[in-house]
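Please go through the model below with me and say on what grounds each structural term is used. I would like every answer to set the value against its definition.

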Amino acid sequence: CGVFGVFNHPQAADLTYYGLHALQHRGQESAGIVASNGKTFKHHRGMGLVTQVFTRNILDGLKGNMAIGHVRYSTSGESLLQNAQPLVFKYIEGDLAVAHNGNLVNARIERNVLQQQGSIFQTTTDTEIIAHLIARSKKKHFDEAAPDILTRIDGSFALLIMTEKQMLIALDRHGLRPLSLGKIGEAIVVASETCALNAVDAKFWRDVEPGEWLLLDENGIQTGRFAQKEELSLCSFEFVYFARPDSVIQGRSVLSIRKELGQILAKEHPIQADVVVAVPDSSIPAAIGFSQQAGIPYEMGLIKNPYAGRSFIEPTQELRELAVRLKLSAVQEIIEGKRVVLVDDSIVRGTTSKRIVQLIRQAGAKEVHVRISSPMVRNPCFYGIDMPTKEELFANALEHEQAMGQAIGADTLAFLSTEGLLEAVDVNLAETSTRCIACFSGAYPTKLYLE
Ligand code: SF4
Ligand code: MG
């Protein structure tokens, strides 16, 4: 998912609309904006893309100088309008809205505790728990209750919580998801990625630190911590696939890391070939990096229909397969008679690769060598990227690269090593890693509360 917020700006909802638009790649199922004029909320949520959910008319109704917004792809709770965020509540001090990117690993347990205490839930999302915890907190007011409950939730959360007059921004203690702050004059802007700060012409201020909260209100900015900060485990999959290439996360350009992933991949798994082709759009930077390192020309051998969305984040397997078919076609001019290196950023379920190797062969390729700019995904993600069960993961169905290559119809298949991934995405390899690589390695940075 993607979150965006604006504090202290007369066009708060408009800016949020543009911010969400720039974060659309992080979720395409639903979108929503809540604005406050200091006394009351106006909000609108709907299923679909930001441009489908909002019209000029609707935005004009969202008056106020603060707003938060959300684009969703479901990893916890179904894809339903009632689960669309920001969630909006009436509580003892008035209106309350919550926008959350991430996934709470202790949601089931906390939900149970809250239900025992008498809470009734209106959604199936983990996010609703946060509102109940605030409402039931022993601390009297929002500005004390909201920071206080952050120790009760575990997992990943880039979180925006708003009342009529205050906004709380918080990031989980591991910094699993990105969250950046910007400024437009006196106004504060917060976004899942810096590409959304650029979209509204905000100046980058800084990243929110793991375990940090900020409270914005008429008295200014208050900051505090609910956890120590040395535990950074930023999701490495943000660099591999999820984030937009023009974003900068924790000081690192996503685009240059993706190119580096491709370069390291070319060093680790060289191959004689005539042309390097990317699976657009997400693997283009890695393919360019591969091409530069290998000295094999990069060509646009696959064309993506710009009106098709991201196939992975379709919620069902049928939809994902259909989406791949609508999405890509091969360019015969480039492919025919050639030995093709096909670069993709990841294999999760194997849906994409199988279909694309087929496309490339039908276009007359002599050989197809698939190179993946991340290691094998062998473990589910519990932190908000949709890789749900071990059984569904392609890398678990087959033991070796060779068998996997055969299964997708490639002449050869090779993955980046975990060391190669860390070399590109981590900053201080000498010390402990500051990146989560759990879906590749199985070493999760939090408790999982699975019993
Ligand atoms: Fe990211 Fe993988 Fe960790 Fe999930 S398990 S947060 S996808 S690195
Ligand atoms: Mg792709």
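Q: How many residues of domain 1 are in contact with residues of domain 2, and what makes a contact?
A: Between the two domains, 15 residues of domain 1 are in contact with 9 residues of domain 2, where contact means that the C-beta atoms of two residues, placed from the backbone, lie within 7 Å. This is a predicted model, in which local features need pLDDT of at least 70 and side-chain atom pairs count only at pLDDT 80 or more, while totals for chains, interfaces and linings use all residues. Residues are numbered from 1 along each chain as its sequence is written, and chains are lettered from A and ligands numbered from 1 in the order in which they are written.

Q: Which strands supply the side of domain 1 that touches domain 2, and what makes a run of residues a strand?
A: Strand E6 (94–104) and strand E7 (155–162) each supply at least two residues of that side, and the largest share, 3 residues, comes from E6. Strands (E, at least two residues) and helices (H or I, at least four) are DSSP runs, numbered from the N terminus.

Q: Where do the bounds of the two domains come from?
A: They come from an automatic or database domain assignment, which divides the protein into domain 1 (2–232) and domain 2 (255–425); the C-alpha centres of the two lie 34 Å apart.

Q: Why are E3 and E11 called edge strands?
A: Seven strands form an open antiparallel sheet in the order E3-E2-E4-E1-E10-E9-E11, and two strands pair if DSSP finds at least two bridges between them. Strand E3 (41–47) and strand E11 (203–207) each have a single partner strand, so one side of each is left without a neighbour in the sheet.

Q: How do you know that E1 and E4 are paired?
A: Strand E1 (residues 2–7) is joined to strand E4 (residues 66–72) by 6 bridges, and the definition asks for at least two.
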